[in-house]
Amino acid sequence: MSRRKLSRRQFVAATALSSAALITAPYVRGAHAAGKLSIGFWDHWVPGANKASTDIVNAWAEKEKVEVQIDYIPSQGNKNLLTIAAEAQAKSGHDILAMPTWWPHAQAELLEPMNDVMDGLIKQNGEPNGTVKYLGQSKGKWLAVPASVGSQIKGPCSRIDLMKQHAGIDVQALYPAGAPPKADSWNLDTFLKAAEACQKGGVPFGIGLGETSDNVDTAGAIFQSFGAALVDEKGNLTVKTDAVRQALEFYKKLISFLPPDAGAWDDSSNNKWLVSGRGAMIMNPPSAWAVAKRDAPQVAEQCWTHGFPAGPKGRYAPYLAYFWGTWSFSKNKEAAKSVLRALSQSDAIEKMCVASGGYDLPCYEKLTTLKVWQEEGPPKGTLYHYPNPHNHQTLSIAAAPAPPKIAQQIYTQATLTKMCLRYHKGEPMEKVLAWAEGECEGFMRS
Amino acid sequence: MADVVLQPNRAATSKTVGKRGSLHKMLKRKSTVAFLMALPLILLIATLVIYPAFYALHLATLNKSMSRFVGLGNFEFLFKRETFWLVVQQSCIFAITAVIFKAVLGFIIAHFVHNIPAKGQRKWRGMLLVPWVIPPAMSTLAWLWLFDPSYSAFNYTLSFFGIGPIPWTGDAYWARFSVILVNIWVGAPFFMIMYLAALKSVPDQLYEAAAIDGANWWQRIWYVTLPMMRNIIAITTLFSLIVTFANFDIVRILTAGGPLDHTHIFATWAFRIGIEGSDIPLGASVSLFMVPILAVAAIFILRDISKRGNEA
């Protein structure tokens, strides 16, 4: 039996070679060479809409050799908010997480800046709308990337027939499909008269006064069209102003034409109101219309989504933005940024909008005229004006322009609808204003 | 010689046997066995209850952005808020009213069930426990449909009698009534089953003696049943009071605290502030506010129970 002797030189060479091989091995481009990425997307209301984002992410993952795990987190029961809070506390979780409206600002200190991603996207897709900048930016830093999925305008969705019959308003003539709006006469006075006429006709407008988002958004847009804000952008209290008083006076009149139980409405109440055929108008994205298409086609074919009425200080419509944020403690930030770029390409955005039946709304100026909104029906063109294609109205969010962390409290605590309800129930104006001022002072704690 | 050689070994052996013996004795002790058997539960409670409780305490001492220690600053802030005192008032109304009604209803129903012949009793017991057994989130959804602002099944029925429509969740007082009603509906079976167990343990001889002494129905309840059930009533009331003060699901699903914050209780308002409003330290402070009050109540009630136990 022969035994080969290993020389010292041979031993050193073999060790060096095997060490080099071991060290470089992970960089060999295998199936998941670029590591892992976990994503927490918002679970879409529209059946099948999640598939579009899954497909886009999977195509990207295959190209980039990244192992991806996607969780769809519902907003029912605020599960998405709980997830955000839990991950922020644990400093661990998804690499990308969908965050609604106020949450990028609420978690600003824990989010990875996205300026490098946004610079490129803005060049490609155009400027994002003002509300997205307000909600997504802090001191020049992009806190998260605006998501088309889940973003929406909560404008009026009117019944063509009932508005004609009871209020003598032809909403299709005001907002013709495929053409700019001819809605100069569509202001808060006309709106109030229409609300009264429809209430007398037994089909009141379905506008809620509860504490959930739909109710607050409508109140926010109406307050803004009077130029009324509770706190200005510098954080000063502006509750006791004429603009706020005018907005409250208007709301007091409006409430008398709304369903008597509007104070208890949540976000599903207006949808049910429209689908059941009991009302002539609601303020909602096309989700109620989409449900009507399935459950009450005779209602759906009479629905027309259009712009808000103008007030003395302009025409405002509530825009609710969703974002995709990456935690600063994420383990794969570069991959996260790369997939966010892929999800924000115009063709990807169009794919997701189509999958959502036109519900999703990109914030970029070049992407408000996609085919989906022109083609969706019945009736054809019902969603044409949904994405504000002619910039006919200013997109905003309730409680803006207050600093976002204060505005979030005003919004969450539904201070605006509570003020309207208190005043309507007979509380003196000055008492209502003093109460709101006290609340806002409390919201300013840091 | 052999003895001399064996001596040290024997000493060592007896020492080992002694040690082993004491370990054996300790393991055989009932208290040790009980402790070991309860250990998994103790560990579970430590992980899921004690740690989060201390963490909540820690959170309650931080500022809004959780970057600075503020001591009792959050509580100081809360005490100046009108809404906070509204929530304190409502939580007390909600918990105390609901517990009183649950106890009274549970007591009455327990008596009815106790008087049903043994053959059919199991069926009734099972049926009456259903509201308590269904997850409250699910049953409250059914109640939500019954109370729905626009399509209430109750209002539909009442309309046949020319009554209503009643704003079950739209008016502050009706909304309070509705959330308390659902809480009573969910919780009364727990009282019923506890009281039924207590009723069954009251010896028949006591009633026979009372009957011989000429006691009427009311006197039998007052002088025999109630004293015999005193401990179980105290424990059930304490337990239910704590659970009702900490209730979340019923109010959250039925009214979400509205209208105008008039049905918010500690847990729902803490959620609104902490999770929806991103002010976790203030939310933690709201949820911790009742802890000292309930702890004092628990100490007094439990002390009273153990005192009576010792007297017995």
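**Figure 1. The contact between chain A and chain B in this predicted model takes 27 residues from chain A and 22 residues from chain B.** On the side of chain A that touches chain B, the elements giving two or more residues are α3 (79–90), α12 (269–275), α18 (404–412), α19 (415–424) and α20 (429–443) of chain A. By residue class, this side of chain A divides into nine nonpolar, 11 polar and seven charged residues.

**Figure 2. The largest nonpolar core comprises 152 residues, of which I410(A) and C420(A) touch the most other members.** Strand β10 of chain A, spanning residues 316–325, gives the most to this core, contributing eight residues. As general background, nonpolar side chains in soluble globular proteins tend to be buried together.

**Figure 3. The surroundings of I410(A) include L230(A) and V231(A), both of which this residue touches.** When residues up to four places away in sequence are left out of the count, I410(A) also touches A399(A), A402(A), T415(A), C440(A) and F443(A).

Figure 4. Taken along the principal axes, the box filled by the C-alpha atoms of chain A is roughly 110 × 50 × 35 Å. Chain A has 446 residues, and buried residues make up 53% of them. Among the contacts in chain A with a separation of 6 or more, 77% are accounted for by residues 24 or more positions apart.

Technical notes. Residues numbered from 1 in each chain as written. Chains lettered and ligands numbered in written order. Predicted model: local features only at pLDDT ≥ 70, side-chain atom pairs only at ≥ 80, totals over all residues. Buried ≥ 20, exposed ≤ 12 C-beta atoms within 10 Å, placed from the backbone. Contact = placed C-beta atoms within 7 Å. Helix = DSSP H or I, 4+ residues; strand = E, 2+ residues; numbered from the N terminus. Nonpolar A, V, L, I, M, F, W, Y, C, P; charged D, E, K, R; others polar. Core = buried A, V, L, I, M, F, W, Y, C linked by C-beta atoms within 7 Å.
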